[in-house]
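This report describes the overall form of a protein chain and then a few of its local features. The sequence and the model are shown first.

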Amino acid sequence: MPRIGDHPSLAALERRHGRVAPGVPAALDALQLEALRLRLDQFDIVHCHGEFAHAALLGARRRHSLTTVHWRVDELDRALFFAGFPDLPVAAISASQAAGIPASNRAGIVHHGLARDRYILGTQPGAHVAFLGRMTDQKRPDTAIRVARAAGLPIRLGGTIDVGNPGYFEDRVRPLLGEDATYLGPVDDARKAELLGSARALLFPIDWPEPFGLVMIEAMACGTPVVAWNRGSVPEIVEEGVTGFVVASEAEAVAALGRIGQLDRARIRARFEARFTAERMAADYLALYRRLLAA
């Protein structure tokens with residue numbers, strides 16, 4: 001089956017001008033949508049992750065399409081979008097996210113998955129805990145540092161400084177860094193595997209309605225337990241007392257770190273394999289495609 005990313009004109013432009021920088025601008029979004037329009041009749045199902053302009057292009061094909069939204073859906077612009085496209089099937093990435101999608105749009109829930117061999121079980125963790133994510137007030141790396149310090153554990157932090165709010169890192173995170181709190185900067189997949197696989201636990205102190213939280217299952221793939229705040233998708237991803245602990249405060253997180261040695265890393269990896277592999281995700285999406293085609 002062809003992919004829209006295979007558009008020949010885009011490939012030719014990349015050969016002439018080099019690869020497009022990360023963060024596709026609106027001009028290239030339009031180019032991809034034009035490629036879709038020209039080839040729309042070649043697809044049984046069109047599955048879009050490019051929120052949200054494709055909905056207008058699909059027209060009568062909307063009922064044989066699927067949209068995955070990778071952001072929160074409880075804001076006003078999303079509500080207006082869904083009201084304008086009540087016939088657009090949407091696959092939620094968590095039950096928490098699905099609760100904010102109108103019933104007419106809900107096609108099902110498909111949790112994210114990872115390639116089974118992308119990360120391996122880390123059986124001999126070091127002394128540190130890990131934080132991985134954008135340096136932003138939604139992810140709260142400053143909270144992670146305070147919790148680790150209160151628990152007497154060093155912490156290593158990886159992730160990009162949020163371009164939309166760089167002052168947060170300078171004002172709230174950098175002053176907390178020290179010998180026991182190290183900022184590694186952005187990390188690629190290999191460094192991510194090392195950071196998570198060697199950590200005693202992942203701290204996930206989110207302060208927003210997290211639609212999924214991919215780093216939680218990346219940690220589980222390494223056998224690393226997760227201590228996460230009870231917001232958004234967290235209670236459906238983290239199995240209390242099995243793959244980690246769900247907490248509501250810094251004090252609860254400190255206490256959870258004191259119990260982290262009770263969790264079995266091999267069992268955490270097994271729960272990842274049972275719930276969050278790419279094979280399971282693909283099977284769930286195929287089931288939705290078949291349901292849409294049957295309808």
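Predicted model: local features only at pLDDT ≥ 70, side-chain atom pairs only at ≥ 80, totals over all residues.

Residues are numbered from 1 along each chain as its sequence is written, and side-chain values use heavy atoms, with hydrogens and water left out.

Along its principal axes, the C-alpha trace spans about 60 × 40 × 35 Å. The secondary structure of the chain comprises 13 helices and ten strands; these are DSSP runs numbered from the N terminus, helices (H or I) having at least four residues and strands (E) at least two. Of the contacts (heavy atoms within 4.5 Å) with a separation of 6 or more, 64% are between residues 24 or more positions apart. Buried residues make up 45% of the 295 residues, where buried means under 20% relative accessible area, with a 1.4 Å probe and protein chains only.

| Residue | Element | Relative accessible area |
|---|---|---|
| Thr68 | strand S2 (residues 65-68) | 0% |
| His54 | helix H3 (residues 54-58) | 2% |

Leaving aside neighbours within four places in sequence, Thr68 is in contact with His47, Cys48, His49, Glu51, Ala91, Ile93 and Tyr285. The side chains of Thr68 and His47 are joined by a polar contact of 2.8 Å; such a contact is a pair of N or O atoms within 3.5 Å, and within protein one must be able to donate a hydrogen and the other to accept it, residues adjacent in sequence counting only if both atoms are side-chain atoms.

Helix H9 (residues 214-221) is largely enclosed by the rest of the structure, because seven of its eight residues are buried. These are Val215, Met216, Ile217, Glu218, Ala219, Met220 and Ala221. Their cover includes strands S5 (129-132), S8 (202-204) and S9 (226-229), together with helices H8 (189-197), H10 (234-237) and H12 (265-275). Just after H9, Gly223 adopts a positive phi of about 80°.

Key:
Buried < 20%, exposed > 50% of the residue type's maximum accessible area, 1.4 Å probe, protein only.
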